[in-house]
Amino acid sequence: MRICNSPIDPDKLRQLLTDDAAGGFVAFEGWVRNENEGQGVLRLEYEVYAPLAVKEGAKIIEEAMAKFPILRADCVHREGLLEIGECAVWVGVASAHRDEAFTACRYIINEIKLRLPVWKKEHYVNGDSGWVNCERCAAHAHPKRKLAG
Amino acid sequence: MNKTITVRYFAGFREHAGVGEETVSVPAATAGDVYELLKDRHGSEEPLGHCKVAINDEMVDWNTEVVDGDTVLLFPPVAGG
């Protein structure tokens with residue numbers, strides 16, 4: 001598990017997971033999209049608390065290795081300012097057979113999204129910006145969205 | 001009894017507080033108390049369950065006890081990936 005502030009190179013990461021016993025490899029790439037909840041997005045800013053993100057990410061990968069019969073797994077998350085189309089997160093899993101690679105890859109990305117201390121600020125076409133998942137900030141950026149609770 | 005702790009704010013919490021870190025003296029028994037007592041600082045109305053907390057770089061539950069000298073990290077709802 002790594003946090004990096006330069007572009008992710010999926011080919012290089014994939015090479016690090018090669019294993020003679022592996023018959024399948026699954027990767028997930030999370031990309032920066034140009035829209036969220038009807039708002040045009042220009043770019044994203046990721047804030048990461050790296051000491052804990054690395055620790056928590058490593059724990060998630062260990063959990064996946066223990067839960068599923070896979071051979072290798074890794075994850076890299078970006079921080080800083082990202083443009084549309086850039087890869088924000090990469091997860092790769094190699095295993096003897098494809099099913100467990102798909103399952104473990106999904107497990108890792110889902111847990112990463114739920115548990116990693118990472119925050120995302122969207123910069124909108126209209127000049128506003130807002131932290132994703134922060135209701136108070138989102139209410140400002142998305143005036144039509146109702147405040148929860 | 002008041003405890004002197006260092007609090008670190010992240011993302012929207014930091015922007016609201018205007019600082020990333022400060023030392024406070026608060027009558028807090030648990031991490032959850034810290035969050036509630038510092039509402040004016042982080043500005044969040046989010047329920048505790050939506051946010052996360054770490055003490056001295058370990059993720060902990062909101063009912064974890066805080067002691068003098070702890071560094072309490074208040075995390076807004078995460079949004080990685």
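Predicted model: local features only at pLDDT ≥ 70, side-chain atom pairs only at ≥ 80, totals over all residues.
Reader: How many residues lie between β3(A) and β4(A) in their hairpin?

Author: Strand β3 of chain A covers residues 35-36 and strand β4 of chain A covers residues 39-48, and the pair runs in the antiparallel sense over two bridges. Across this pairing Asn36(A) stands opposite Gln39(A), while Glu37(A), in the turn, has a positive phi of about 50°. The number of residues between the two strands of this hairpin is two.

Reader: Which residue of β6(A) is the bridge partner of Glu45(A)?

Author: Strand β4(A) also runs antiparallel to strand β8 of chain A (residues 118-124), to which seven bridges join it, and there Arg43(A) stands opposite His123(A). Four bridges join β4(A) to strand β6 of chain A (residues 80-83), again in the antiparallel sense. Within β6(A), the bridge partner of Glu45(A) is Leu81(A).

Reader: Is Cys75(A) buried or exposed, and why?

Author: Cys75(A) belongs to strand β5 of chain A, which spans residues 72-78, and its contacts beyond four places away in sequence include Met1(A), Gly57(A), Trp90(A) and Ile112(A). A residue needs 20 or more other C-beta atoms within 10 Å of its own to be counted as buried, and because Cys75(A) has 26 of them within 10 Å, Cys75(A) is buried.

Reader: What share of the contacts in chain A with a separation of 6 or more is between residues 24 or more positions apart?

Author: Chain A has 149 residues, of which buried residues make up 34%. When the contacts in chain A with a separation of 6 or more are taken together, the share that comes from residues 24 or more positions apart is 72%.

Reader: On the side of chain B that touches chain A, how many residues are nonpolar?

Author: In the contact between the two chains, 19 residues of chain B meet 25 residues of chain A. The elements of chain B that give two or more residues to this side are α1 (11-17) and β3 (52-55). By class, this side of chain B has five polar and four charged residues, and the number of nonpolar residues is ten.

Note on methods: Residues numbered from 1 in each chain as written. Chains lettered and ligands numbered in written order. Pairing = 2+ DSSP bridges. Contact = placed C-beta atoms within 7 Å. Nonpolar A, V, L, I, M, F, W, Y, C, P; charged D, E, K, R; others polar. Buried ≥ 20, exposed ≤ 12 C-beta atoms within 10 Å, placed from the backbone.
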